[in-house]
Amino acid sequence: MDWLSPENVLAALGVLATFGVLWYERLMPGQKRIGYRVQMDTLIDNDSSNGRGAQRLSLLDATSDMTGASLVLLRIENDGLRTVDNGDYFTTPEGEHAGLTATFPDRTVRDVAVTEPSPHDLVNHLNPPRNGDGPPPDSDEPEGPGLRYTGNQIAIPKVPLNRGEHFKLLVLLTGPGVRRKPEVSGRIKEGKVRENQKNPRPSNRVLGLVLGLVLLLVFEPIGIRIWGDSPPPPRGCAQGALTVLGSTAFAPVMKDLSDAYEKECPGARITVDAQGSGAGIRELQQAGEDAKDGFPARLALSDGPKPDGYPKLKEHRAALSVFTLVVNERVSPRPLSLSRADVRRLYEGRITNWKQLGGPPLPVRLVSRNAGSGTRGVFQSRVLERLEPAYSSRDCRGKDSPEARVIRCELDSTAQVLRTVRQIPGAIGYAELRSASRADGIRLAGLDGHQPSPDAVRKGAYPFWEPEHAYTYGSPPASSLTSKFLDYMNGDTGRNLMEKHGHLPCAPLENQRVCQRTP
């Protein structure tokens, strides 16, 4: 039949593709979405420093320090196709109860009220408002998470929203920031939080359709000529081979990421060859020097920054990794905590038996990583604040040299350290937190009274952590598999996998400050 000719089929596909692009976000199956829209942002004070004239409300005269007062009406809604439950929100830095954060740049939140909740019982999740961490002293309201505000932010609790449900916040503010747009931030599983546009004009959609048809007519001859050829890679994908080198502590994340990318991007082959941070840096440098075009298909992960002498390696901060001390389970029947001063005495040989720290009569065995290990570098800089003692044992059980003050061996990987600490009574070592948490026969050891966790790092309480650095040789082309894979690491899938493995991804705004922090 003539209507099944390649020309007609291609034309039909062009029309469908045009409509698909216009309606993608609304019709995407399974998409969860929280949208927000600023419906009002108006000055209610005649303070000229704001640059906008307004009649001052008389009630402000009875309240002190209300210069530059303004009102904002913020609508927050579920405009996706699926219900958003409490468990779909990722916790924000404002606390476990908070799912979203509303920020008003250059202004101070003075009060907030919930208006037009749909359905009405949403107000039970949002009230009573809280200024800071506790209820007003004269409040008769029951204790609950509610809205909390401090400074220029409102912490919005994890509110379950069915499709189409919404609530509005009427916010009283002071300060000069009326020209800066309020923002709502947060993350939800299998979806996103985004600002909604004000009712798009129908003419935009018509223009998009017309443009799509024009492009179809222009490129139809080309489409007919290539009918039957292999389609290009999906958007965000690249084909070819890439080798990921470096950190053994971060290798589990990279293996999961490479598997996920290969499933989404046919034609990509990613190999994870983790032999330690130092070895990865050296191999990347050598591959770059040997590459004819100067862009080797290599990516090196390092626990901590590269050493001096590699000026052509470009840094990309990927995540914040948390590390922990580990001891053989016979040292303590439960998780324990050591002071950094005690750890230094262990590694100096001043404590040689656990009974000196109130433990069982077991000799101390130091199980360490080799000199090229990034994890070892982090341990030396953030815990010991000095170099580890010399290597003195091949089997981690006895001294090879009678003059050595400690029994200390060196191993090549995180897995080897965990296995050896499990096997030798009295052994102590260090490893990446998630790998250590899943190992049998060992106990985690906190530092200075704080147990290892991402939250303890965020609060500045726990010292044994380090940003995970991804290095490329120079700046790889934007279309290369190396660049596309780095973008994928910073996208939603990469962030979720990093969090699953106990790391803090550096890409989200709420983690960027801690990722840039120095000890």
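## Basis

The model is predicted; local features need pLDDT of at least 70, side-chain atom pairs count only at pLDDT 80 or more, and totals for chains, interfaces and linings use all residues. Residues are numbered from 1 along each chain as its sequence is written, and side-chain values use heavy atoms, without hydrogens and water.

## Confidence

The protein chain has a mean pLDDT (the predictor's confidence in each residue, from 0 to 100) of 83, with 79% of its residues at 70 or more. Strand β16 (residues 365-369) has the highest confidence, at 97, and strand β5 (residues 130-131) the lowest, at a mean of 47; strands are DSSP runs of E, at least two residues, and helices runs of H or I, at least four, numbered from the N terminus.

Over residues 130-144 the pLDDT is below 50. Where pLDDT is low, predicted coordinates should not be read in detail.

## Helix α7

Nine of the eleven residues of α7 (residues 374-384) are buried, meaning under 20% relative accessible area with a 1.4 Å probe, protein chains only. Among them are Arg376, Phe379, Arg382 and Leu384.

At the N-terminal end, Ser373 caps α7, with a side-chain oxygen 3.2 Å from the backbone nitrogen of Thr375. Just after the helix, Glu385 has a positive phi of about 60 degrees.

## Cavity

The largest cavity has a volume of about 30 Å³. A cavity is a set of points on a 1 Å grid over the protein atoms alone where a 1.4 Å probe fits but cannot get out; lining residues have an atom within 4 Å of a point. The volume is the space filled by probe spheres set on the points, which are joined across faces, edges and corners.

The lining consists of Phe295, Pro296, Arg298, Thr472, Tyr473, Pro476 and Thr482.

Methods:
On a 1 Å grid over the protein atoms alone, a cavity is a set of points where a 1.4 Å probe fits but cannot get out, and a pocket is an open set with protein on both sides within 12 Å along at least five of seven lines; lining residues have an atom within 4 Å of a point. Buried means under 20% relative accessible area, exposed over 50%, partly exposed in between (1.4 Å probe, protein chains only). A polar contact is a pair of N or O atoms within 3.5 Å; within protein, one must be able to donate a hydrogen and the other to accept it, and residues adjacent in sequence count only if both atoms are side-chain atoms. Contact means heavy atoms within 4.5 Å.
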